Amino acid sequence: MTLFETGLFTGPVFLLPGAAKAITLTFNMQVLKNIFDDCDLAVERFEQVHGGDINKAYCLFTSTGNYFLKVNDKNEYPLLFEKEAKGLDKLREHCTLIIPGVIKHGSCDEHQYLQLEWLEKGISKKDTWEKFGQGLALMHKQPQEYFGLNEDNYIGILNQTNDPHNEWHSFYAECRIKPLVKKLFDAGDFSAADIRNADLFCNNLKTIMPIEPPSFLHGDLWAGNYIITSSGYAAIFDPAVYCGHREMDIGMSKLFGGFDQRFYEAYNATYPLEKGWEKRLPIIQLYPLLVHAVLFGGHYVGSVKNIFKAFS
């Protein structure tokens, strides 16, 4: 009897990053078979890989090459992979960095999937970080019409509103800060005083942030959303794209450990940041911290409250 015939697959034993022991995952094999058929793939074998907290992800080995496949619940996260595919395509239009190619996205039964080009990990070269920083700066330099996007998408598993605005301070307040503050208030994590501090913060944004034209952004550029490929150069993925203030990508890159200093030096040499950008990092990082506060609570709630107090 084959694995397909049993209906259940006890997944490959593998080690999660930093895990002390192996774990075994169980998954309904018929779901994968249906997706393989929908993608017209003759899969010879596959391995489960890391693909985020809400997805099951696999490396698929076929006679035509290797592919990356992500699967999750289409009802719980509607159109998430369609939005991600569009984001990757838009990144490729604007950016010279390596972007995994979108092969197909769709749905089978209660699941949705995203099939991407498989990128092999490699070792960085002497100029890897310089090329990375320069590539991001060149993307940011391209003029955009407005702050926002022609459609909403996701940041992680949260809906991300992208209504067009002509000014950054109004977009950041109305489409980024206030919707998440409301979620925290509704959940009981924010008081009326916290709401007042958030309103004061939003009112002060116009005087805090330097006026710059909109830039096309990756939108979620932290250390988990890039790899050094077998070419020796960086690839970026898992975007939450929109047109915004370019310091958003820089601030996100510094939130969880930061990138190599050569990245920032090359960026500044290509498209110098406005004076005082490092002092503005808490303002820029407020949005991803709000996302984490909504999703995980805990110390993230205290962190965003402190930022509101400091700049209100």
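Glu-47 is partly exposed, with a relative accessible area of 37%, a class that lies between buried (under 20% relative accessible area) and exposed (over 50%), as judged with a 1.4 Å probe on protein chains only. The model is a predicted one, in which local features need pLDDT of at least 70 and side-chain atom pairs count only at pLDDT 80 or more, while totals for chains, interfaces and linings use all residues. Residues are numbered from 1 along each chain as its sequence is written, and side-chain values use heavy atoms, with hydrogens and water left out.

The side chain of Glu-47 meets that of Arg-45 in a salt bridge at 3.0 Å, N to O; the term requires a side-chain nitrogen of Lys or Arg within 4 Å of a carboxyl oxygen of Asp or Glu. Arg-45 also counts as partly exposed, at 45% relative accessibility.

Across the whole structure, a search finds 15 salt bridges. One of them joins the side chains of Glu-84 and Lys-70 at 2.8 Å, N to O. This pair links distant parts of the chain, since Glu-84 belongs to helix 3 (residues 80-94) and Lys-70 to strand 5 (residues 65-73), 14 residues apart; helices (H or I, at least four residues) and strands (E, at least two) are DSSP runs numbered from the N terminus. Both Glu-84 and Lys-70 are buried. A salt bridge is also found between the side chains of Glu-247 and Arg-280, at 2.7 Å, N to O. Glu-247 lies in helix 7 (residues 247-253) and Arg-280 in the loop between helix 8 (261-270) and helix 9 (281-296), so the pair ties together parts that are 33 residues apart in sequence. Glu-247 and Arg-280 are each buried. Salt bridges that share partners also join Glu-82, Lys-83, Lys-86 and Glu-151 into one network.

Turning to the aromatic side chains, the count comes to 23 aromatic pairs, where rings of Phe, Tyr and Trp (its six-membered ring) pair if their centres lie within 6.5 Å, and planes under 30 degrees apart count as stacked, over 60 as edge-to-face and the rest as tilted. The rings of Trp-129 and Phe-259 have centres 5.8 Å apart and planes at 50°, so this pair is tilted. Because Trp-129 lies in helix 4 (residues 128-141) and Phe-259 in the loop between helix 7 and helix 8, the pair ties together parts that are 130 residues apart in sequence. Both Trp-129 and Phe-259 are buried. Phe-190 and Phe-308 form an edge-to-face pair, 6.2 Å centre to centre and with 80° between the planes. Here Phe-190 is in the loop between helix 5 and helix 6 (192-208) and Phe-308 in helix 10 (residues 299-311), 118 residues apart, and both Phe-190 and Phe-308 are buried.

Trp-129 and Phe-259 also belong to one aromatic cluster, together with Phe-132, Tyr-226, Phe-263, Tyr-264 and Trp-277. Over the ring of Tyr-264 sits the charged end of Lys-254, 4.3 Å from the ring centre.

Finally, His-165 is found in the loop between strand 9 (158-160) and helix 5 (168-186), and is buried, with a relative accessible area of 18%. Not counting residues up to four places away in sequence, His-165 touches Tyr-146, Phe-147, Ser-170, Phe-171, Glu-174 and Cys-175, a contact being heavy atoms within 4.5 Å.

Conventions:
A charge sits over a ring if NZ of Lys or CZ of Arg is within 6 Å of the ring centre and within 35 degrees of the ring normal.
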